[in-house]
Amino acid sequence: TLSSSAHADDAKRTPLSPPRQHLFIMSGQSNMQGLDLNLSFIPAIEAEFGKEGVTVVKDALGGQPIRRWFKAWKPAEGQASPADQKGIGTLYDRLMKKLRTGTQGKQLETVTCCWMQGEKDAKQGHGDVYAASLKGLIQQLSADLNLSDVNFVIGRLSDFALDSKEIPDWNVVRDAQVKVADA
């Protein structure tokens, strides 16, 4: 079980207590998979929080729909379920295994999930359920971490297919990402 010390009394800490950690969860598709965190991200957060105060857990895989993370994913009403239903939640389970290992024995002060995903859902025409799926993923992660205050940073889809007739859900997913971020 992961624990948060965000509300813990500092007076209870002893010199032997582990340092409070700012956990950064990096997940999503190919843009996250290809991101070299050591080039800019890790140096920036270590400069802010100190090297001993940061834990980064990354698990990303290109070309994957959100249903590989969100366990309660459902297609839009009237839309056929994809053939790969057996993969629902499998990447989330893999991520949680890494999180449990990476945070074992650590006191978490903050948790931030950086999410870069959505291309596959746009290409497969699942834009209508993307906002609900992303909200569900955030709730799922918060519940599994037993935290109500998980920060969630969403990397919005690029402008690659703004006017694409072949990928009409591109803008639907982009708009859903903004809607969830604004909420």
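Trainee: Which residues does Gln140 touch, not counting residues up to four places away in sequence?

Mentor: Start with the idea of contact: heavy atoms within 4.5 Å. Gln140 touches Trp69, Phe70, Lys71, Ala72 and Tyr92 on that count, which skips residues up to four places away in sequence. One caution about the source: this is a predicted model, where local features need pLDDT of at least 70 and side-chain atom pairs count only at pLDDT 80 or more, while totals for chains, interfaces and linings use all residues. Residues are numbered from 1 along each chain as its sequence is written, and side-chain values use heavy atoms, with hydrogens and water left out.

Trainee: Where is Gln140 found?

Mentor: Helices and strands here are DSSP runs, numbered from the N terminus; a helix is H or I with at least four residues, a strand is E with at least two. Gln140 is found in helix H5.

Trainee: Is Gln140 buried or exposed?

Mentor: Buried means under 20% relative accessible area, exposed means over 50%, and partly exposed lies in between, using a 1.4 Å probe and protein chains only. Gln140 has a relative accessible area of 12%, so Gln140 is buried.

Trainee: Which backbone oxygen lies 2.9 Å from a polar atom of the Gln140 side chain?

Mentor: That of Trp69.

Trainee: How many helices and strands does the protein have?

Mentor: Six helices and four strands. Along the sequence, the pattern reads β-α-α-β-α-β-α-α-β-α. Of the 183 residues in the protein, 44% are buried. Take the contacts with a separation of 6 or more: residues 24 or more positions apart account for 74% of them.

Trainee: How do I read two packed helices, and at what angle do H3 and H5 cross?

Mentor: Two packed helices are described by the angle between their axes and the distance between the axes. Axes are lines fitted to C-alpha atoms, for helices over the stretch in contact, and angles run from 0 to 180 degrees between N-to-C directions. Here, H3 (residues 90-103) and H5 (residues 130-145) have axes that come within 12 Å and cross at roughly 35°.

Trainee: Is the crossing of H3 and H5 left-handed or right-handed?

Mentor: A crossing is left-handed if the near helix is turned anticlockwise from the far one by less than a right angle, and right-handed if clockwise. H3 passes H5 in a right-handed crossing.

Trainee: Which residues of H3 and H5 meet?

Mentor: From H3 come Tyr92, Met96 and Leu99; from H5 come Leu137, Gln140, Leu141, Asp144 and Leu145. By class, this contact has six nonpolar, one polar and one charged residues. Ala, Val, Leu, Ile, Met, Phe, Trp, Tyr, Cys and Pro count as nonpolar, Asp, Glu, Lys and Arg as charged, and the others, Gly among them, as polar.

Trainee: How many salt bridges does the structure hold?

Mentor: A salt bridge is a side-chain nitrogen of Lys or Arg within 4 Å of a carboxyl oxygen of Asp or Glu. The structure holds three. In one, the side chains of Asp59 and Arg94 meet at 3.0 Å, N to O. This pair links distant parts of the chain: Asp59 sits in strand S2 (residues 54-60) and Arg94 in helix H3, 35 residues apart.

Trainee: Which residues are linked with Asp59 in a network of salt bridges?

Mentor: Arg94 and Lys98. Asp59 also bridges to Lys98, with the closest N and O atoms 2.8 Å apart. Asp59 and Lys98 stand 39 residues apart in the chain. Asp59 is buried, at 2% relative accessible area. Arg94 is partly exposed at 36%, and Lys98 is partly exposed at 37%.

Trainee: Which residue forms a salt bridge with Lys71?

Mentor: Asp93, at 2.5 Å, N to O. Lys71 lies in the loop between S2 and H3, while Asp93 is in helix H3, 22 residues apart. Lys71 is partly exposed at 43% relative accessibility. Asp93 is partly exposed too, at 39%.

Trainee: What is phi of Asn146 near?

Mentor: Most residues other than glycine have a negative phi. Phi of Asn146 is near 60°, a positive value in a residue other than glycine. Asn146 is found in the loop between H5 and strand S4 (151-154). With a relative accessible area of 59%, Asn146 is exposed.

How values were computed:
Polar contact = N/O pair within 3.5 Å; in protein donor to acceptor, adjacent residues only side chain to side chain.
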